[in-house]
Structures are given as structure tokens and as C-alpha cells.
Amino acid sequence: MIGEEEEEDARIPISQRPEWADVRPVPQDDGPNPVVPIAYTDEFSETMDYFRAVYLADERSPRALQLTKEAIFLNSGNYTVWQFRRLILEALNADLCAELNFVNQIARENSKNYQIWHHRRWVAEKLGSEVASKELEFTKEIFSQDAKNYHAWSHRQWVLQALGGWEDELAFCDELLEDDIFNNSAWNQRYFVVTRSPLLGGLDAMRDSEVAYAVKAILAKPENESPWRYLRGLYKNDIKSLVNDPRVASVCLDVLTDKRNLVHALNMLLDLLCNDYQPSNEMKDAVDGVAPESNPPGTNLVERVCSVLIMVDPIRANYWEWRKSTVCVQD
């Protein structure tokens, strides 16, 4: 039995294949004096020379389709080859399920190649809702290798909106966040589902339970910025409701009382204070407990919050200094 490596070694040059005898290859034109000529392999040069020939002739045939496959294996990022392959697939009314299997093979080894995902979307769009579950499962496979693959997330969101499959998406986000609460891509997807799913009733219907979810995540890992950002997003364009939700101030107080991982809690508190939040004495005491001696109790609470942020978040010290100098909210 011949192994894969032996099969590759046994490749027959295109010029020696009878079915290509009528085609004159078109060499790459680098001009008379190329400055830095690329050292292509013989296989790559020959394949692209023949590809240029069929491309210029606009030959949409089975042999041209096979040639694009060989060219893609050599360079999966060549946009022109992928585009011409799509034209051939349409002209031949080819089996797109088989094409999806081909894309699977390429994508697993090149999961951050934009051209592959673009082609995959084209194929999936042609096949329609029948492949929605397969597409979602494939992106899940990619996430098992790279949980933050932008192309896979973008494709997954497109599938949900164009082909469907919303039923288990929130549970999928739960699964990812249980595995890694710091997965900001999963937090982003959760917000996408809550705000876009036609099955959940929208942000207004989901806000209460999602606030509880975010608060729980914050208390588990207050240094994790994602749930803090998620909590803010749940009150998009409604800062007054954010200020008036007692759970928001409460989670800030809990984190400040713990006196560790203060940055995000103080940042949230600062925004609350700048939007007419009236702090309790307990909140003031919590800030006093972490404020530097240069800002003793009795000074403006916003100033004290900014002073702590300058101390615990030095990389953005200039920003917090600016906030301190421009925001004036009296106790």
C-alpha cells in the first residue's frame, strides 16, 4: 500500500499529463530586471503557469477545477485562485457538499486564512440552512484549538444570522465561560446572542438575569475586565439605569472591601459618581480604606477614587490624572 508521502513523491508533472497536452503554460512576468525574484519551487511555478493559462482562457472545466485544488494546496491564500474556483463550481453545478469537505481539510491547517473563510461562507450560503448545524460544529472544533479565532467567531455569527441555529447558543457560551471565564470572545458572543437572538426577547427581557450572571462572574474573578465590560453593555445608552441598579454599586463595594483587584471596581464607581450616584457611608469608608494618605478622608470622593486608580493602574496614570482634573463631583 502506497503511503501519502510516497504518493506526493510520485506526483506527475502537469506537463507530462496527457489531459494537459493542448495547453501552453503562461510563465509569470516579473519584468526584464526583477529586483528580488522569489525562489519558487518547480512544482509551484509549473502549477501557477498552467493556472494562468486556464484563467486567461476562462476555462471552466473539471480539469481547471482540479488545477485550482492543486494551486490552493500550494498557496491557500491566493484570492484569484479561490475566486476562479467559485466561478468553475457554479459553471459545473458541482457538488457543494463535497466542496465543503474540501474546505474543512484546508481550514483545519489554515484556520486564520481569510480567503478560506470567505469561500466557506459562499459555499454555506449556497447550501442554505441544511448546513447550519455543521457550520456551528465546525467553528466549535476550531475554538477547541484557538478559542479566540476571529475568523471562526465572525463566521459563527454570520451562520446564526443567515442560516439559524440559535437554540443552543447561549448554553454554548455558558460552556465556554465555565471552561475559561477570561475568554473575552465568549463574553462578546454572549452579548451578541442576548441582543440578537430572535428566541430570547432582546436585551430588555434578558437584562435582569444577565446582570446577575455578570455580577457572579465579577465576584469570582474581579480582576477580569470582561464581565465588567459586559455589565456596562447590558445598560447600553441607559446610564441612569446602570446607576440606579443597586447590584452595580454593591458589587463595587464588595470588591473594594476585599481590597484586592481594585481597578475595574474603581473605574465603575468613578463612572457612577460622574452620573449622579449618591454613595453610601459604607462606600465612602471602603474608598477611604484604600486611598493613599495624600488624599485623606474628607476630600472629594472622585479625587480619592482617581488617586487610588493612579496608584493601582500606573500604566494609565495620565488618564486618571486627567479624569481627576476635569471631573468635579462633590460628596
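1. A cavity is a set of points, on a 1 Å grid over the protein atoms alone, where a 1.4 Å probe fits but cannot get out. Lining residues have an atom within 4 Å of a point. Grid points are joined across faces, edges and corners, and a volume is the space filled by probe spheres set on the points. A search of the whole structure with a cut-off of 30 Å³ or more returns 2 cavities.

2. On the source: this is a predicted model, in which local features need pLDDT of at least 70 and side-chain atom pairs count only at pLDDT 80 or more, while totals for chains, interfaces and linings use all residues. Residues are numbered from 1 along each chain as its sequence is written, and side-chain values use heavy atoms, with hydrogens and water left out.

3. The largest cavity holds about 40 Å³ of space. Its lining consists of E225, W228, R229, R232, H264, N267 and M268. Helix 12 (225-233) and helix 15 (263-273) are the elements that give two or more residues to this lining; helices are DSSP runs of H or I with at least four residues, numbered from the N terminus. Helix 12 supplies the largest share, 4 residues. By class the lining has 2 nonpolar, 2 polar and 3 charged residues (Ala, Val, Leu, Ile, Met, Phe, Trp, Tyr, Cys and Pro count as nonpolar, Asp, Glu, Lys and Arg as charged, and the others, Gly among them, as polar).

4. Helix 4 (residues 79-92) has 14 residues and spans 20 Å from first to last C-alpha, close to the 20 Å expected at 1.5 Å a residue; the expected span is 1.5 Å times one less than the number of residues. V81, W82, F84, R85, R86, I88 and L89 of helix 4 are buried, where buried means under 20% relative accessible area, exposed over 50% and partly exposed in between (1.4 Å probe, protein chains only). The cover over these buried residues includes helix 2 (42-56), helix 3 (62-74), helix 5 (96-109) and helix 6 (114-127). At the N-terminal end, N78 caps helix 4, with a side-chain oxygen 3.1 Å from the backbone nitrogen of T80. N93, just after the helix, takes a positive phi of about 50°.

5. Helix 5 also has 14 residues, reaching 20 Å between its first and last C-alpha, close to the 20 Å expected. Its buried residues are L96, E99, L100, F102, V103, N104, I106 and A107, and what covers them includes helix 3, helix 4, helix 6 and helix 7. The N-terminal cap is D95, with a side-chain oxygen 3.0 Å from the backbone nitrogen of C97.

6. H155 lies in helix 8 (residues 150-162) and counts as buried because its relative accessibility is 2%. Not counting residues up to four places away in sequence, H155 touches W117, R120, R121, E135 and T139; contact means heavy atoms within 4.5 Å.

7. A132 belongs to helix 7 (residues 132-145) and is buried, with a relative accessible area of 5%. Beyond its neighbours within four places in sequence, A132 is in contact with V159, L163 and G164. The C-alpha atoms of A132 and I116, 16 residues apart along the chain, are separated by 17 Å.

8. Most residues other than glycine have a negative phi. N237, in the loop between helix 12 and helix 13 (239-244), has a positive phi near 60° and is exposed at 77% relative accessibility. D276, in the loop between helix 15 and helix 16 (281-290), has a positive phi of about 70° and is exposed at 67% relative accessibility.

Key
1 Å grid on protein atoms, 1.4 Å probe; cavity = no way out; pocket = protein on both sides within 12 Å on 5 of 7 lines; lining within 4 Å. Polar contact = N/O pair within 3.5 Å; in protein donor to acceptor, adjacent residues only side chain to side chain.
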